[in-house]
Amino acid sequence: MNWIAIGVTFKLAALTALALVVIGLPIAYWVSFSRWRWKFLVESVVALPLVLPPTVLGFYILVAIGPHSPVGRLYTDLVGHPLPFTFEGLLIASILYSLPFAVQPFAAAFDQVDRRLIEASWTLGVSRIGTFVKLILPMSIAGVVTGFVLSFAHTLGEFGVVLMVGGNIEGVTRTVSIDIYDEVQALNYAGAAKTAVLLLVVSYVILLAVYAINRKVWAVWPQK
Amino acid sequence: MAAEMIVDITKSFPGRLMLEARFGLSLDPPAILILFGPSGSGKTTVLRCLAGLERPERGFIRFGAETWFDGQVNATPQARRLGCMFQDYALFPTETVAGNVAYGLAGLTQNERKARVEEVLALLQLQGVEAMRPAQLSGGQQQRVALARAIARRPQLLLLDEPLSALDAPTRARVRGELRHLLKQLAIPSVVVTHDWGEALALGDQMAVIGDGTVLQVGTPQEVFNRPKDADVARVVGIETALEGQVRESIEGLATVEVAGVTLHALAEDEIGPDVFVCIRAEDVVLAHGAAGTTSARNQLQGRVVDISSMGALVKVGLDCGFPLFAVVTRSAVEDLRLSRGMPVTASMKAGAVHLVPRRDATPIA
């Protein structure tokens, strides 16, 4: 088994899931509580990675962070090397790719919080942020855990985006799914099988955890 | 000039009647205002505007020297320092009873907060359930926790939305008395939304009747019930005689009450203080010529007709029985009895039709 690739993969998944808690909670709060009539435009953008081919998403991310884009140039000026084919570049791509897997469970959980409880909190003098931390978050904890776990699991199995943005650099951007592909290309079916079983078992255990937490249907698509 | 809250707001909803509310509330001395009206009349919306949870379209809300709303300014609920009690209580299921009460006390040190929570729990007789979750409590206990949470941070205005409506009838009568004592003790200006005349009489200093999207009449509850300004108010509040009386004795659920020198029999629900409002719905009063003979009605009063006014199919008859009393009868009954002004009649009603509501211990603040 390629332990280096496994290490890279789990590091990438953990950092992606953590980053998505930080980025996803405010987005989900806005999606759940905004009364803006064009809100669905933003919701659709968040959900885009669910339907877009990973190669398409990867292509655009590659262009966006490449040396010819303002973002890419700024990064190169600041850090000294370009973003594509680095771990950081891969992390950014993974965050975008798994965004709906975090935001949608978060928003679905926020939708379930009784608005009257939130109003009660406000009338008790607790600010909006205070209400979020003291009331909304504890009441949505199952959804937050679900979003974290699903984005972690989704990042584990990433393939197309990784290939487009990360390349295949041993110890840096070579993840488990690419390693399996390489083994099969090299006709090393035994090696591929071992890694594949690992990924299968880990994914299954993660989903077991999600279902146990929620004890209800798949929470990726919120039922509004 | 005494401190006052002045409200003059307008809010419209698509496809519904425009809501206009105009009333005042004395803050010093603190008064209790009842917003009285049928469901859907907009009284809860008025309360939500006062709480800052809903934005009026036009008008203003001034609370003493503070401006809460005036078109440009719209103070947040947090800035208004309120104590709100919602119809279904809205207790936090993630918190214990003590956690709910302490929720709004962030500004205090840990010791101060603990002391305040204990104080409020003791005031509302909630010792022993501090560690329970709201779902484990009875309806009456939940109601008290909601009230405890609302008063814990010493609000400058209490807003109570149908505070007793979620309770079953026997509990409601008892809690109504407790709430009355508590509100008096706290001396916080309060606005109470209700559609229950018993609550209005027991709790209110002032009462604003809301119907057809507007404030129809403002006065003391007794005044409004006895002398509705017009037919619209009468339709909303019902025709009610509400008199100040004294309970003379109460034996096995049957009470003897004295009203302006006349003795009445009434059913008494619980131990009830000597000072009461005696309420008689005009529909429950039966009129007869001369003596009514022996009937099952425990109360027979000799009186004189002082006023007859038509209300469509029904006729409202004003009587003088030593105190003013109203009866509502059909037009054919008026013809059969040949009722006319000055005519002596006997008014009778069953003891069960004479309702006793505890009266506020102090004289109402005008």
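Colleague: Which residue is the bridge partner of Leu319(B) in strand 18 of chain B?

Modeller: Leu325(B). This is a predicted model: local features need pLDDT of at least 70, side-chain atom pairs count only at pLDDT 80 or more, and totals for chains, interfaces and linings use all residues. Residues count from 1 along each chain as its sequence is written, with chains lettered from A and ligands numbered from 1 in the order written.

Colleague: How many bridges join strand 17 and strand 18 of chain B?

Modeller: 7, antiparallel, between residues 314–320 and 324–330 of chain B. Strands are DSSP runs of E, at least two residues, and helices are H or I, at least four, numbered from the N terminus. Two strands pair if DSSP finds at least two bridges between them.

Colleague: What about the turn of that hairpin?

Modeller: It has 3 residues between the strands, and Gly322(B) takes a positive phi near 95°.

Colleague: In what order do the strands of the open sheet in chain B run?

Modeller: 13-12-11-14-20, with antiparallel pairing. Strand 13 (262–267) and strand 20 (354–358) of chain B are the edges, each pairing on one side only.

Colleague: Which residue of strand 14 of chain B partners Glu244(B)?

Modeller: Phe277(B). Strands 11 (240–251) and 14 (275–281) of chain B share 7 bridges.

Colleague: Switching to chain A. How many residues are in helix 11?

Modeller: 26, residues 189–214 of chain A. First to last C-alpha is 37 Å, close to the 38 Å expected, that is, 1.5 Å times one less than the number of residues.

Colleague: What comes just after helix 11 of chain A?

Modeller: Arg215(A), with a positive phi of about 50°.
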